[in-house]
Amino acid sequence: MLVTDPERLNSVLLGFTVISAMRRLYPEEFEIESVIGLLGNAEALNCLKAGQAPAEVLRHGQAQMREFLAKRKNVLIYD
């Protein structure tokens, strides 16, 4: 795949999808616990481990993301 419009790429959804596919394709070999450093979110990891669809995991975390971005805005040095 070639990304020609990075503004349209949802990299978080792509990551969730790759993790989900690896777990499905290689259930014995893929160590899903090892991706916590990439995800940074134990709740998202648990949802993916439970077999939730990547888009659902993303939707589930939207409220938390909005809250985080609002808090982050107050400490940004640049706009």
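**Salt bridges, helices and surface**

Tutor: Lys71 is exposed, because its relative accessible area is 55%. Buried means under 20% relative accessible area, exposed over 50%, and partly exposed in between, with a 1.4 Å probe and protein chains only. This is a predicted model, where local features need pLDDT of at least 70, side-chain atom pairs count only at pLDDT 80 or more, and totals for chains, interfaces and linings use all residues. Residues are numbered from 1 along each chain as its sequence is written, and side-chain values use heavy atoms, with hydrogens and water left out.

Student: OK, which residue forms a salt bridge with Lys71?

Tutor: Glu67, with the closest N and O atoms 3.9 Å apart. A salt bridge here is a side-chain nitrogen of Lys or Arg within 4 Å of a carboxyl oxygen of Asp or Glu.

Student: And where do Lys71 and Glu67 lie?

Tutor: Both are in helix α5, residues 62–73, four residues apart, or about one turn of the helix. Helices are DSSP runs of H or I with at least four residues, numbered from the N terminus.

Student: How many salt bridges does a search of the whole structure find?

Tutor: Three. Another of them joins Glu56 to Arg59, where the closest N and O atoms are 3.1 Å apart. Glu56 and Arg59 are three residues apart in helix α4 (residues 54–60), so about one helical turn separates them. Glu56 counts as partly exposed because its relative accessibility is 35%, whereas Arg59, at 53%, is exposed.

Student: Are Glu33 and Lys49 buried or exposed, or in between?

Tutor: Glu33 is partly exposed, with a relative accessible area of 45%. Lys49 is also partly exposed, at 31% relative accessibility.

Student: Switching to helices. At what angle do α1 and α3 pack?

Tutor: About 40°, with the axes of α1 and helix α3 (residues 42–49) 10 Å apart. That makes α1 oblique to α3. Axes are lines fitted to C-alpha atoms, for helices over the stretch in contact, and angles run from 0 to 180 degrees between N-to-C directions. Under 35 degrees is roughly parallel, over 145 roughly antiparallel, 65 to 115 roughly perpendicular, and the rest oblique.

Student: Next, the surface. Which residues make the nonpolar patch?

Tutor: Met1, Val3, Leu9, Leu14, Val18, Met22, Leu25 and Tyr26, over about 770 Å². Patch residues have over 30% relative accessible area and no salt bridge; like charges are joined within 9 Å, nonpolar side chains (Val, Leu, Ile, Met, Phe, Trp, Tyr) within 5 Å. Areas come from the Shrake-Rupley method with a 1.4 Å probe, and for residues only the protein chains shown count as cover.

Student: Where is Met22 placed?

Tutor: In helix α1, residues 11–25. Met22 is partly exposed, at 31% relative accessibility.

Student: And Met1, where does that lie?

Tutor: In the segment before α1. Met1 is exposed, with a relative accessible area of 85%. Met1 and Asn41 are 40 residues apart in sequence and 27 Å apart in space, C-alpha to C-alpha.

Definitions and conventions:
Helix = DSSP H or I, 4+ residues; strand = E, 2+ residues; numbered from the N terminus.
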